[in-house]
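These questions and answers cover charge pairs, a charged patch and a strand.

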Amino acid sequence: MRPDKNELIQMLSLETDEELNELYKRAYEIKKSKVGTKVYFRGIIELSNICYKNCYYCGIRRGNPNFTRYTISMEEALTEAKWCYEQHYGSLVIQAGERTDKAWIDFVTELISGIKQLSDGKLGITLSLGEQSEETYQRWFDAGAHRYLLRIETTNQKLYKELHPQDHDFEYRMSCLRLLRKVGYQVGTGVMEGLPGQSIEDLADDILFFYDEDVDMLGMGPYIPHRDTPLGSLVEGFDKEKALKMGLKMIATCRIALQDVNIATTTALQALHPEGRELGLMAGANVLMPNITDTKYREEYQLYEGKPCLDENADQCIGCLARRITSIGETIGFDEWGDSLHYSKRKS
Ligand code: SAH
Ligand code: SF4
């Protein structure tokens, strides 16, 4: 049933601890009955911080000269993927800035094939590489990727225009989501919460958009300002607690409204609270994406300020992560792809 907008607004407007705990509990119950309490890990490789785009909110935008650009070599990326496989992660995510040139498309294609080969076809591959042509999406799909994350960022088109330069086109981004579906990917999207100028009503519309587009996966997170961006002045006075609360409310409301989709608890939550990702799981999320990028690159992949784990290598993170997950009563779906049940139902 299509969610009721007023109810969404009401849930997103809750403020007191008591009301919020009720909301999270309700969402958790739905998660338990619809998708279970198994957390699926997707190791994330931040393949490159080179980006042709210039989104006003993002630290690695083309126009930021204040750090070194890198692309991880094929060999290193395959080593990270192998590590992921050996840790019994079911899948990994390849994320990067947006590039559409042939050398990049070929490089990614080769990497996907290499990962499939080293894992005997077993590692699931999600891509988060921005807007591409249908041909490119198809090539990457044929090489073995099967899920794609492309956040719409906000469905308020006026706000979208304010947050992006003229040549970034909302309609085009939308059409990419549909191309992804057409090619056969499980499609994930999402938004940032707390963007300057965004209202609760906008977030309710975002959820209706997720419903109408029948998406399989959601990756959402609070907007966190970065000083080297056009929105840098927002760094002063940024209210972490409020941002965290909005991030958790959005997860819970989406779980209640959309039921069986996969919802990620994202690093942006962890940037706001050391246990932000666990709180996300308790509010209804069921996917977690540990960062497996070698620490030597992490300083250079700061989409926002205060990104955590900058000086921890993947191994160290994993030990404490697994412990934290079991301590909140959840299990980990080792060696499983953890596909979206929503997707499986639509296919059958
Ligand atoms: N270039 C690709 C993927 C990498 S960016 C793309 O844009 O799709 C991944 C996500 O990081 C973006 O979709 C955006 O939602 C998020 N992001 C960028 N800047 C951010 C910020 N300042 N705070 C929180 N999230 C941010
Ligand atoms: Fe590039 Fe993505 Fe950042 Fe936009 S959000 S500047 S496309 S990396």
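**Burial and charge in a predicted model**

Q: Is Arg-99 buried or exposed?
A: In this predicted model, Arg-99 has a relative accessibility of 14%. Buried means under 20%, so Arg-99 counts as buried.

Q: Which residue forms a salt bridge with Arg-99?
A: The closest N and O atoms of the pair are 2.8 Å apart, and a salt bridge needs them within 4 Å.

Q: Which helix holds both Lys-82 and Glu-86?
A: Lys-82 and Glu-86 form a salt bridge, with their closest N and O atoms 3.0 Å apart. Lys-82 is partly exposed at 42% relative accessibility, and Glu-86 is partly exposed at 47%. The two lie 4 residues apart, about one turn of the helix, and that helix is H3 (residues 74-86).

Q: How many residues apart are Glu-29 and Lys-32 in helix H2?
A: Side chains of opposite charge can pair when their charged atoms come close. Glu-29 and Lys-32 meet in a salt bridge of 3.8 Å, N to O. Glu-29 is partly exposed at 46% relative accessibility, and Lys-32 is partly exposed with a relative accessible area of 46%. Their spacing is about one turn of the helix, which here is 3 residues.

Q: Which residues are linked with Lys-53 and Arg-173 in a network of salt bridges?
A: The model has a count of 26 salt bridges. Some of its charged residues are linked in a network that includes Lys-53 and Arg-173.

Q: Which helix gives the largest share of the negative patch?
A: Asp-17, Glu-18, Glu-19, Asp-239 and Glu-241 gather on the surface in a patch of negative charge. Glu-19 is partly exposed, at 36% relative accessibility, and patch residues need over 30%. The largest share, 3 residues, comes from helix H2 (residues 17-34).

Q: How many residues of strand E2 are buried?
A: In a regular strand the side chains alternate between the two faces of the sheet. On one side of E2, Ser-91, Val-93 and Gln-95 are buried, and on the other Leu-92, Ile-94 and Ala-96 are buried too. For strand E2 (residues 91-96) the buried count is therefore 6 of 6.

Q: Which residue stands opposite Ala-96 in E2?
A: Strand E1 (residues 38-48) runs parallel to E2, and 6 bridges join the two. The residue opposite Ala-96 is Ser-48.

Key
Residues numbered from 1 in each chain as written. Chains lettered and ligands numbered in written order. Predicted model: local features only at pLDDT ≥ 70, side-chain atom pairs only at ≥ 80, totals over all residues. Heavy atoms only, no water. Patch = residues over 30% accessible without salt bridge, like charges linked within 9 Å, V, L, I, M, F, W, Y side chains within 5 Å. Areas by Shrake-Rupley, 256 points an atom, 1.4 Å probe, with all protein chains shown as cover. Salt bridge = Lys/Arg side-chain N within 4 Å of Asp/Glu carboxyl O. Lys, Arg positive; Asp, Glu negative; His and termini not counted. Charge placed at Lys NZ, Arg CZ, Asp CG, Glu CD. Buried < 20%, exposed > 50% of the residue type's maximum accessible area, 1.4 Å probe, protein only. Pairing = 2+ DSSP bridges.
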